[in-house]
Amino acid sequence: MSEVTVEPPDGDSRAAEISAPEAPAPEALAPEVPAPLGLLAELTHRCPLHCPYCSNPVELERRSGELDTATWTRVLSEAAALGVLQVHLSGGEPTARRDLEQIVAHCAEVGLYSNLITAGVNLTRARLEALADRGLDHVQLSVQGPDAAGNDRIAGLTGAFAQKLELAGHVRALGLPLTLNCVIHRHNIDGLEQVIELALALGAHRLEIAHAQYYGWALRNRSALMPQRAQVEAAMATLERARSAHQGRLVIDAVVPDYYARLPKPCMGGWGRRSLNVTPSGKVLPCHAAETLPGLVFDNVRDRPLAEIWYRGSAFEAYRGTAWMPEPCRTCERREIDWGGCRCQALALTGDAANTDPACHKSPHHARIHSLAETEADEDTDFAYRGYSKSKA
């Protein structure tokens with residue numbers, strides 16, 4: 001029988017029939033690292049949008065392999081016991097899960113601050129109200145551009161922008177905090193000022209500007225997405241002016257593009273130091289793109305308690321701390337600031353995840369990343385939309 005013909009409901013009990021792993025007492029783990037503050041809960045890879053900058057893996061996890069409700073609630077309980085404070089309910093599109101209300105309610109029950117990261121498509125006011133009634137704390141709404149034409153072209157879905165505006169109004173009406181998120185690249189970076197104006201008009205408390213990160217599907221579109229240096233410099237100047245002008249009204253966070261940087265960013269606050277990610281099928285990752293790294297074994301919450309994975313999982317220990325670092329990282333005064341930068345980027349650009357992140361000006365590969373950026377930013381390439389086949393929908 002084809003794997004795509006039968007898809008179990010989100011609340012299917014098959015995963016729950018597997019005995020839950022027994023968690024060891026925290027003192028038995030004798031952790032040498034702090035507990036994580038945040039959990040990225042990727043509830044599903046299903047999504048109505050087709051964004052070319054999507055950083056999810058090229059091969060998406062199937063609905064039939066998603067964790068069921070009982071397993072997610074157990075994982076969330078374990079996260080709270082571990083010390084996690086915030087849970088980011090993400091995907092794909094998390095509202096594709098029919099059990100989202102139950103998951104949100106459990107977050108509230110165990111004291112986890114819940115942030116719904118949504119494309120804002122097909123989420124009705126009635127359902128948003130039901131989520132708020134069950135304890136949802138925050139909504140993070142993505143936009144792909146500041147107007148309908150640009151947004152819908154990038155999202156690959158006609159009418160998406162209108163639905164996003166409508167949802168933002170519902171969020172405001174229900175009194176929920178709103179963050180607007182926009183991934184910036186060559187096709188929308190010149191409209192950054194309009195994105196900021198949109199955030200203000202929608203009553204957002206926070207705006208997150210994140211330059212495209214070239215992993216997963218986005219790596220296929222790097223030549224079509226890479227902005228030019230002049231565009232990046234103009235965008236950063238716009239951000240600084242806006243931060244000053246709207247201080248106290250709108251918090252603006254920005255993730256600068258590594259390909260034009262001099263210093264690397266700490267990967268997720270340091271590999272295995274501040275946050276962890278659970279995929280739709282239950283694999284636990286130190287960062288969103290960690291599965292691109294060869295040779296790492298990723299534990300699954302079906303088989304092992306979350307605390308044990310965090311403190312003892314081999315994938316988390318691989319690049320945690322500073323002992324793994326090569327020179328010049330090992331003796332650099334910033335080694336416990338940026339924690340060596342991004343391992344996935346080091347692999348993608350140098351072929352070895354243990355190399356110094358090319359974003360760092362001290363890296364022997366630093367010239368290569370700038371040369372690549374300048375070359376690809378000048379290419380006139382159409383992007384490829386993210387596709388979702390039936391087997392993954």
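## Helix α7 and its surroundings

The buried residues of α7 pack against β4 (138–143), α6 (160–173), β5 (178–184), β6 (206–211), α10 (229–245) and β7 (251–255); contact means heavy atoms within 4.5 Å. Helices (H or I, at least four residues) and strands (E, at least two) are DSSP runs, numbered from the N terminus. This is a predicted model, in which local features need pLDDT of at least 70, side-chain atom pairs count only at pLDDT 80 or more, and totals for chains, interfaces and linings use all residues. Residues are numbered from 1 along each chain as its sequence is written, and side-chain values use heavy atoms, with hydrogens and water left out.

Helix α7 spans residues 192–201, and Leu192, Val195, Ile196, Leu198, Ala199 and Leu200 are buried in it (under 20% relative accessible area, 1.4 Å probe, protein chains only). After α7 comes Gly203, with a positive phi near 75 degrees.

## The sheet

An open sheet of mixed pairing is formed by 9 strands, in the order β7-β6-β5-β4-β3-β2-β1-β8-β9. Its edge strands, β7 and β9 (284–285), each pair on one side only. Two strands pair if DSSP finds at least two bridges between them. The parallel strands β6 and β7 are joined by 5 bridges, and Leu207 stands opposite Ile252 in β7.

## Nonpolar cores

A nonpolar core is a set of buried Ala, Val, Leu, Ile, Met, Phe, Trp, Tyr and Cys residues joined through side-chain atoms within 4.5 Å. The largest has 82 residues, and those with the most contacts inside it include Ile196, Leu207 and Leu306. Helix α7 gives the most to this core, with 6 residues. Apart from it lies another core, of 19 residues, including Phe298 and Cys342.

How values were computed: Buried < 20%, exposed > 50% of the residue type's maximum accessible area, 1.4 Å probe, protein only.
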